[in-house]
Amino acid sequence: MTRALAALALVLASALPARAEPIRLWHAYGGAEEAALREAVREFERRTGEEVDLLAVAFGAYLAKLESAIPTGRGPDVFIDAHERLTTYVDAGLLRPITGDVPDSLPPESLAPLRQGDALYGLPLSLKCAALYLNTDLLPETPESLDALARAQLPEGTFPLVMEAENGYYVAAILHSLGGQLLTDEGEYGFEGEAAERTASWLAARVSDRTIPDEATGELVQRLFASGDAAAAISGPWLAPDLPEGLHWRVVPLPPLQDGGEPLEPFLTVEAAFAASQPEGDERGNAEAVEALIRFLAGTSGSRIRATVGRQIVADEEAWGDSRLGHDEFLTTFRRAASRARPMPTHPRMRMTFVPVQRALRRVLRSGAPPAEALATGSRDFADDTRPPPAERDPMPLLLVFGLLMLALVGWWIHKARDPAVRLAIKHSIPAYKWVAHAFLAVAVLVIVPLLVGAAVSLFAGRGRDLHYVGLANYADILTARGGDLLGDRSFYIVLLVTVLWTVLNLLLHLGIGVALALLLNRPKLRFKGPYRVLLILPWAVPSYVTALAWKGMFHRQLGAVNAVIESLGGDPVSWFAHFGTAFTANLATNVWLGFPFMMVVTLGALSSIPDDLYEAAAVDGATRWQRFRRITAPLLVPSLAPAVVMGAVWTFNMFNVVFLVSGGEPGGSTEILVSEAYRWAFTRGQLYGYAAAYAVLIFLILALWTRATVWVGTRSKRRAPVGATT
Amino acid sequence: MLAGPVTTKPDGNALALADVRKQFGETTVLKGIDLAAEDGELVVLVGPSGCGKSTLLRCLAGLETPDHGTIRIGERDVTRLPPKERDVAMVFQSYALYPHLTVRRNLAFGLELRKTPARTIDKRVTEVAGMLGLEALLDRYPRELSGGQRQRVAMGRAIARRPSLFLFDEPLSNLDAALRTEVRIEIKRLHHQLRTTMVYVTHDQEEAMTLADRLVVLNGGVVEQQGPAIDVYREPATRFVGSFLGSPAMSFLPAEAKEGTLTVGDATFDSESAHRGPCTVGLRTHDVVVDPDGPLTLEVRVVETLGHATHAHGVVEGHPFVARLHGDQRPAPGDEVRLRPVYVHLFDPESGARIRR
Amino acid sequence: MKVLKSLGVHAIILSAVAFALYPVLWVVSLALSPNEPPGAIPWPSDPSLDALSEVVLRQDDEGTYLFLMQTGASLLVAFATAFVAILIATPAAYALSRFRFVGKDASLSALLATQMFPGVAAAIPLYLLLDAIGLIDHLGGLVLVYATTAVPFAIFQLRGAFDGIPRDLEEAAMVDGATRLQAFRLVVLPTVRPALAVTALFAFMTAWNEFILAATFLSREEIFTLPVVLQRYVGEHRAQWGHFAAGAIVVSVPVMALFYWLQRHLVGGLTAGGVKG
């Protein structure tokens, strides 16, 4: 299906007249790096007369965009990305080898990570790795080791070191120095065993003796170091632009863990310019210009601009001959650090190690689990994420069943169409069809067909675009928890349970708060009714992704407002995302905030349609306020609120933004709901689109059952109702 | 402008329905209605709820299409014509005033649709407003009007159009009693003034009696009787019509007719009917007089005092009965009152049809 | 006693208002003092408009004010989405409210079903579809996708509104000489204006807040919609939260303004929107 559509697109695209188009360059840079790239590109344009279109793509959408755009010929000619995704790109057929000359000034060790087999797929632009930032006011001397740093005499409340201790990218530097690696050369998971345990124990000890702050994110690293609350920081060159003017600091390559040990060996990332492939038959015929651009950017002239303007640690050796660069301490230090760093493996499984590693580390650092036990869960997660897809099956049986079903359906229709009564009914329906036709056509083509195609993907398995038909194997896998414990970690049933809990609690709170506020606002003599209503609707008007990120920030362990409030009241700060209960509460608080205005507004509307004389009658009958609510308001609200509740349940059930952005599933994926779990399978656990699609179909089935059930209950209770409520 | 088949059958009728039938799903609402009205007549369709009177009116308006039969307005067969081509105007029970338009625009709406010149519209609106006393309300919105005022605007909207046929769908049922009588008279006056054929639907027999030139009693989707109101009242064609017209309703007693006499239970009284055998006697409240020697004995249960008259509700020979007494006679519950019939309606006990003499 | 009670009511409402306002103030103070995270009381410690002006007045090499262009693109997409969604949904909603026809129940179920399927699943098929009709990287394509996504809910919403209008009204118009279409246009539509406005607002928000599809479909910076622009401040290694917050304020203001403007209609305009079969 996909392929057929792509082919159709191809035919249409090739029918268009060819014209000289600019070279398209995509990147995800920001700030000075972006400025430098622009300048280098302008220089290239000036020299060659070629035209280049630059596009800064949001990092979060980079891969999805490349994957969808390149095969249809709408992607870039050149894109800039880190080398470790090379194999993924090559496997997906998104890259074209570089065929022309390679500038001699590019050192072979920076080219090696960009090779796959005999082919070279890109030229290195800049090298990135972690180093140690030192606050020279607090630490005039360079410490011998990280342990020496921990012993340094510092003012009260200052952390000796801040680093992202739960992030495999940084932790790998320690692991490497102890002789371990995250992923073995054979692609096996490596974060277990002695070196890994020593790494985890060291981190746990440093966190517990307050050498390193707990739950440090990149943001916290930046804040603590920038404010002088941390004497040292482990970070990459990207930290520098965010440091304030008055701060005195310098960088050194990472020292050893203990005095006299092996220096830490951080990961090296080679940022490279890649030449994107062109769909067959739709070549743009600008291969030479494209390579010229890549050569220019990676070569000496381009490198000089990128180094001076963008402060990049360029790979090109001749560029370093420039005295301004050669004497720049920051750049040369990072260059030195890079020369000792270990290139990140390009194996597609590499990226899949980070999440299991992070989960394992969090178990150790946040929940205090013994390292060996926690690391084993990481290994299990990895095995689960990378398990081979189900075997290919013959699609014939399903096609046959499907064909027979269609045949039966058509037969049934023909049978019905023969019935004169049905014919007459259809004839009478024609005027109505004229009113609905365009809407149903639009919805069918642009909503239903794509959704059906999406659903059909659930019958396929594989990673990325490399899909094969597996029948219902994905469903079988999900429903049997992939052969594991049905109530174990990541089991569909557990996630479903969490999702149901999530939906029910949300709805109860939405309804409770919404109805209560509406009743208060509906009091006839209340003052400031208008302003109150406007302010209470406000949460609805803020885009949910903004809200979600704001709430995530407010629940931050160190920087969040919620802990600030708790502390100002004399309580201990809570590590919100370390436990299921608190993380779930954080999600819940966010979504309640988002959702109560809707229920409030619906209730206000419903209340305004209840005639006053009913209350008067009840008051004459001697009903108390509560009885009036119980006997009159509540029963009359039900018919108006019921549809809102059904809809609200559907929305809450699928409320991706909040769960994904606030808790992100923490701790350990336990607060994940079905949709966010589907998203994980599709995008962070190695692009198991088929598996994710099967999740989506199951979500659909559950919701369809639920709405069916409510309609059924609704009609039953309507039948039982004595006198119809005034509607 | 007048599309549709034009029949040339000059029988002088302004309105003629022949064998009109209508079915909704499984339920048959109209079971073959024949009806005719002369030009300028006020026809009242009356019947209990569910009798099909509203459906019939909607068929006239073109809001429903009959499954069978023909409808003619004037010389035209309009059975299949859409409402806009029928030249009819309708006053709805809910008034159906356009909430987003002022009274003036409400009155002008139909004319604007017909692309009437602005000056003519102005003239008509002023004229109609004068006729109904709406001058001061022209620039208000419907929500700013009282129930009675809305009702007048609804009528005004119909009148402004100058249609060849007016349709009224229970236009008074949302008004209070005093206003209802007032508007009823108003409608009568307008009818005299306009001299246009009107079809008026109501379930209120008093309204029907007071307004109708021609009264059509509907029940269960069939016409029970039609004719001048007074004739229908005096000679109800069926037991149903007898019971429906008049308030309090006609009382019925099972009887046996013999040579010159009627026997109800133990009571026997004279009769001029030629009928022999079992029958049902129908007596309106005012068809009996108090007579100490009267054959019928009313055991009084409830007494309603109206001032000029007294309604005595009770039982005669085991059957519910209401008698209208003079205002000075006020029996107490439990009393027995002897009554003498002065006028008797006889109905067939099986079919309910009137037994002619 | 009465005074106490009324004070209590105000206290409850005010605490709800505080709950509603707190995160908003937090974002605002983050935008105004990007270098100092807001504490317990969200008030900027060292207020400056730097982040806001950097976000809003961002220029590209040619000196074009990119953010302003992107705001324009976003507004265009959102208003067009609202317009197209209403245009498509209104007649269908009317028919579903007024007519009985074969397949009515089935189509209602199908519409409801579209609300239950997680939308992300359709992203790649949609990309191929839009590409086939040449509307990739085109605001028109985005409008088409957003509008159709918004249609099912708009239909439910408007159908409820039409259900609330007595049939008498359009029948009166038809007897007055209107065709069905004229009665719809001249009488029914003006009467449901509040519901139309509220429905349009929801369609507007669908487009205004959407990120994933916009990021996937658009490849020219000058037509990026604002959520895509905002997302760029949250990069792989660096997150410029101050800038993100500043942008978030700019993004939220138009929707807030619309809400403020329509809030009277919101109450009541929504109640009617039902999913009853």
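1. In this predicted model, strands β7(B) and β8 (residues 197-202) of chain B pair in the parallel sense, with 5 bridges between them. Within this pairing, B:D169 stands opposite B:V201 of β8(B). Helix α5 (residues 177-194) of chain B belongs with the two strands: β7(B), α5 and β8(B) make a right-handed β-α-β unit.

2. β7(B) also pairs with strand β6 (residues 88-91) of chain B, again running parallel, through 4 bridges.

3. Is β7(B) buried or exposed? The strand covers residues 165-169 of chain B, and 5 of its 5 residues are buried. The cover is on both faces: B:L165, B:L167 and B:D169 are buried on one side, B:F166 and B:F168 on the other.

4. The domain assignment of chain B gives two ranges, domain 1 (13-241) and domain 2 (248-347). The C-alpha centres of these two domains of chain B lie 38 Å apart.

5. Another sheet of chain B is open and antiparallel, with 5 strands in the order β13-β12-β11-β14-β20. β13 (267-270) and β20 (345-347) of chain B each have a single partner strand, so one side of each is left without a neighbour in the sheet. Neighbouring strands of this sheet are turned by 40° against each other on average, direction ignored.

6. Within that sheet, strand β11 (residues 251-258) of chain B and strand β14 (residues 277-283) of chain B run antiparallel and are joined by 7 bridges. B:P254 has B:T280 in β14(B) as its bridge partner.

7. How many residues does the contact take from chain A and from chain C? The count is 99 residues from chain A and 94 residues from chain C. On the chain A side, helix α17 (residues 420-456) of chain A supplies the largest share, 19 residues. The residues of chain A on this side divide into 73 nonpolar, 18 polar and 8 charged.

8. The contact of chain C with chain B takes 15 residues from chain C and 18 residues from chain B. On the chain C side, the elements that give two or more residues are α7 (167-175) and α8 (180-191) of chain C. Of these, α7(C) gives the most, with 6 residues. By class, this side of chain C has 8 nonpolar, 4 polar and 3 charged residues.

Conventions: Residues numbered from 1 in each chain as written. Chains lettered and ligands numbered in written order. Predicted model: local features only at pLDDT ≥ 70, side-chain atom pairs only at ≥ 80, totals over all residues. Contact = placed C-beta atoms within 7 Å. Nonpolar A, V, L, I, M, F, W, Y, C, P; charged D, E, K, R; others polar. Domains from an automatic or database assignment. Pairing = 2+ DSSP bridges. Axes fitted to C-alpha atoms, helices over the stretch in contact; angles between N-to-C directions. Buried ≥ 20, exposed ≤ 12 C-beta atoms within 10 Å, placed from the backbone. Right-handed = clockwise from strand over helix to strand, strands pointing away.
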